[in-house]
Structures are given as C-alpha cells and as structure tokens.
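Please report on the helix, the sheet and the surface of this chain.

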Amino acid sequence: MDLVVFLPLIIIMGAFMFFASRRQKKAMQATIDLHESLRIGDRIHTTSGLQGTITGITDDNVELEIAPGVITTWMKLAVRDRIEDTADDDAVDDSADDSEVGYADEQSGAVELTDRPAPKTDGN
C-alpha cells in the first residue's frame with residue numbers, strides 16, 4: 001500500500017535523473033569534440049574569459065598568443081569555445097547617428113538614446 005503512494009514520485013525522480021544524465025553526456029561529448037577539433041590559428045575563449053590564438057597544441061595543452069609576441073600555455077580543459085569569424089563582424093553599421101549618447105536608467109536598467117551631452121561626474 002505504501003509503495004503505491006510513492007510509485008509516482010519514484011517514476012518522476014527516475015525520469016528526471018535519466019534526462020539530466022543524458023544532457024550531461026551530450027555536453028561532455030560536445031566539449032571533447034571541441035578539444036579534438038582545435039587547430040593552430042583558431043581563435044578561442046578560455047573558461048576565464050581570455051581570448052587568444054592557438055600557436056601550438058599538445059595532447060593536454062595549448063599555447064595561446066594573447067597579444068603580439070606574448071604566448072602562454074593553457075590546459076586544453078580551459079578552452080571554453082572557438083570564436084567563429086563571421087562576415088558581419090567586418091561590416092560597419094552606418095545607420096546609427098554618431099551624436100546619440102546612451103543613458104542608463106539606474107532603477108529599471110533601461111537605456112535611452114538622446115542628443116544631449118553625457119552628465120558630468122566628480123570622478124566617484
């Protein structure tokens with residue numbers, strides 16, 4: 001009798017665990033595929049947010065050029081994703097007026113574009 005009461009809960013918990021483990025396996029496989037597909041010259045992000053260009057690869061490490069002539073060594077596990085080059089990055093949007101200045105509303109977080117100059121602050 002008590003088992004019948006808990007049976008739906010057990011089924012729901014089992015389904016949740018099944019789908020959670022499946023999602024985790026997919027994410028792990030995507031990370032493994034990314035690390036295996038890295039090539040010299042790829043632009044990447046690290047887990048700490050650093051951007052760099054791969055200049056060398058070993059089984060466990062990548063060498064990243066983070067500035068001209070500055071090369072650092074990172075574990076492959078620190079590579080979060082590849083920066084994909086798109087043609088949109090090179091295009092310049094000329095539709096925006098250069099005289100517009102954005103102001104952030106502190107309470108709502110909304111940004112308003114106006115032609116008035118930015119407010120002066122005392123440096124604080």
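Two strands pair if DSSP finds at least two bridges between them. Helices (H or I, at least four residues) and strands (E, at least two) are DSSP runs, numbered from the N terminus. The model is predicted: local features need pLDDT of at least 70, side-chain atom pairs count only at pLDDT 80 or more, and totals for chains, interfaces and linings use all residues. Residues are numbered from 1 along each chain as its sequence is written, and side-chain values use heavy atoms, with hydrogens and water left out.

**The sheet**

Five strands make an open sheet, ordered S4-S3-S2-S1-S5, with antiparallel pairing. S4 and S5 (79–82) are the edge strands, each pairing on one side only. From one strand to the next, the twist averages 45°. That angle is taken between N-to-C directions on a scale from 0 to 180 degrees, with axes as lines fitted to C-alpha atoms.

| Pair | Bridges |
|---|---|
| S3 (residues 61–67) and S4 (residues 70–75) | six bridges |
| S2 (residues 51–57) and S3 | four bridges |
| S1 (residues 43–46) and S2 | three bridges |
| S1 and S5 | three bridges |

Glu65 has Ile71 in S4 as its bridge partner. Ile54 is bridged to Leu64 in S3. Arg43 stands opposite Thr53 in S2. Ile44 has Arg82 in S5 as its bridge partner.

Two hairpins carry glycines with positive phi. The hairpin of S3 and S4 has two residues between the strands, and Gly69 takes a phi near 85° there. S1 and S2 have four residues between them, and Gly49 in that turn has a positive phi of about 95°.

UniProt, in an unreviewed entry, places a "transmembrane region" at residues 6–21. Its positions are given in the numbering used here, feature names are shortened, and annotations may be inferred rather than shown by experiment. In the model, residues 6–21 are 100% helix and 0% strand, with end C-alpha atoms 23 Å apart.

Leu9 lies in helix H1 (residues 2–37).
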